[in-house]
Amino acid sequence: MKTVALIGYPLGHSISPAMHNAAFKHLKLDYEYVALEVNPDDLKEAVAGLRALHIAGFNVTIPHKETVVPYLDEITKLARDIGAVNTVQNQEGQLIGYNTDGPGFIESLLEDAGFDPTGKKCLILGAGGAGRALAVSLMQNNAKSISIYDILFEKAESLAGSVGGKAVKDLQKEIDSANLLINASPIGMNPKTDASPLPENIKLHKKLCVYDLVYNPYETKLLKEAKAAGAKAVSGLGMLIRQGALAFTVFTGKPAPYYIMREAALEALAAKS
Ligand code: NAP
């Protein structure tokens with residue numbers, strides 16, 4: 001049996017084991033996917049341990065996506081451009097880092113939202129790791145412009161500077177002329193507080209496509225606001241499944257059974273809520 005792992009901290013929320021194990025079972029592959037909580041202080045030893053155990057590969061999530069890079073043997077150009085790795089393949093003892101978040105997002109945008117970023121004005125809320133992956137991917141997919149808004153303007157400025165985008169302060173003005181609005185902040189993740197990343201007085205418009213990276217709850221407050229304004233509202237669950245499907249192919253060399261993974265993800269989410 002080959003083992004694939006997920007490392008992150010904490011991991012209680014993850015639906016990746018359900019998605020990958022359903023896909024292994026469906027294709028009758030002798031693999032298992034396990035979630036391993038790794039404290040940030042133990043990351044170096046954990047990667048050395050996975051290497052010693054001849055693990056087939058592993059996914060990497062918050063907070064290790066950037067800090068894992070020095071412990072790998074090689075990373076792809078895209079992962080280097082994004083500055084983060086979420087998938088690692090063990091190629092005969094060599095640990096190769098990939099980033100499937102960016103491509104998973106673009107695939108979801110095209111397939112789930114029916115939105116082609118070519119020539120479009122894109123506005124990203126949140127200048128963290130996910131915001132960076134999206135900004136780089138949108139640029140590489142011929143977006144007309146990338147604007148970045150963060151509660152810390154300096155963070156937006158720093159990301160905008162490194163990807164050729166612009167940092168914005170006047171959110172309403174930017175939204176009015178945008179084609180795509182993405183929430184890459186964690187705001188909206190807690191159904192109890194039901195928060196939106198947008199300040200209260202901000203108005204959306206019906207020509208906008210609103211993509212929320214937050215996928216639990218499936219319909220966030222931001223997506224409800226988008227629907228109410230007549231805009232297209234798209235859940236980040238699509239990105240989660242598609243980055244997982246791309247990682248599955250990295251681990252196994254086989255096309256992912258996308259619909260099986262989607263069904264397992266939906267079931268796991270329903271069980272958690
Ligand atoms: P992160 O590194 O914490 O970055 C989030 C950024 O957003 C931070 O700079 C944060 O500022 C900022 N922010 C907070 N509230 C904001 C607001 N109202 N408006 C604008 N910016 C705001 O997190 P991340 O790793 O990039 O992940 C962001 C979210 O994406 C998480 O919820 C994560 O679960 C989700 N995600 C989803 C997928 C998927 O497949 N669907 C993949 C990756 C990530 P402070 O640090 O000052 O709070």
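I started at Asn142, which is in the loop between α5 and β8 (145-149). Phi of Asn142 is near 65 degrees, a positive value in a residue other than glycine. My helix and strand labels are DSSP runs numbered from the N terminus, with helices being H or I of at least four residues and strands being E of at least two.

Notes on the source: this is a predicted model, where local features need pLDDT of at least 70, side-chain atom pairs count only at pLDDT 80 or more, and totals for chains, interfaces and linings use all residues. Residues are numbered from 1 along each chain as its sequence is written, and side-chain values use heavy atoms, with hydrogens and water left out.

Next I looked at Glu92, which lies in the loop between β5 (87-91) and β6 (94-98). Glu92 is not a glycine either, yet its phi is positive at about 50 degrees. Buried or exposed, this Glu92? It is exposed, because its relative accessible area is 83%; the cut-offs are under 20% for buried, over 50% for exposed and partly exposed in between, with a 1.4 Å probe and protein chains only.

Then I went for cis peptides. One joins Tyr9 and Pro10, with omega at about -5 degrees, and Pro10 sits in the loop between β1 (2-8) and α1. Another runs from Ile62 to Pro63, with omega near 10 degrees; Pro63 is in the loop between β3 and β4.

**Thr61**

Thr61 is in the loop between β3 (57-60) and β4 (74-75). At a relative accessible area of 17%, Thr61 counts as buried. Which residues does Thr61 touch, not counting those up to four places away in sequence? I found Leu6, Ile7, Gly8 and Leu11, where contact means heavy atoms within 4.5 Å.

**The ligand**

I counted the shell: 23 residues surround the ligand, the closest being Ala130, Asp150, Lys155, Leu213 and Gly236.

A polar backbone atom of Gly129 is 3.1 Å from an oxygen atom of the ligand. For Ala130, a backbone N or O atom lies 2.7 Å from a ligand oxygen. On the nitrogen side, a ligand nitrogen is 3.0 Å from a polar backbone atom of Leu213. How much of the ligand's own 930 Å² of accessible area does the protein cover? The figure is 78%, with areas from the Shrake-Rupley method and a 1.4 Å probe; for residues, only the protein chains shown count as cover.

**Helix α4**

I moved on to α4 (residues 101-111), where Asp101, Gly102, Gly104, Phe105, Ile106, Ser108 and Leu109 are buried. An α-helix has 3.6 residues a turn, so residues three or four places apart point the same way. The cover over the buried residues of α4 includes α3 (77-82), α5 (129-140), β10 (180-183), β11 (209-212) and α9 (237-252).

His20 is in helix α1 (residues 16-26). It counts as buried because its relative accessible area is 1%.

Cys122 belongs to strand β7 (residues 121-125) and is buried at 1% relative accessibility. Its contacts beyond four places in sequence are Leu138, Ala143, Ser145, Ile146, Ser147 and Leu180. I also took the C-alpha separation of Cys122 and Ile175: 9.1 Å, for residues 53 apart along the chain.

Ala160 is in helix α6 (residues 153-163). Why does Ala160 count as buried? Its relative accessible area is 4%. Leaving aside neighbours within four places in sequence, Ala160 is in contact with Ile148, Gly165, Lys166 and Ala167. Ser147 is 13 residues from Ala160 in sequence, and their C-alpha atoms are 7.3 Å apart.

Key:
Near = heavy atom within 4 Å. Polar contact = N/O pair within 3.5 Å; in protein donor to acceptor, adjacent residues only side chain to side chain.
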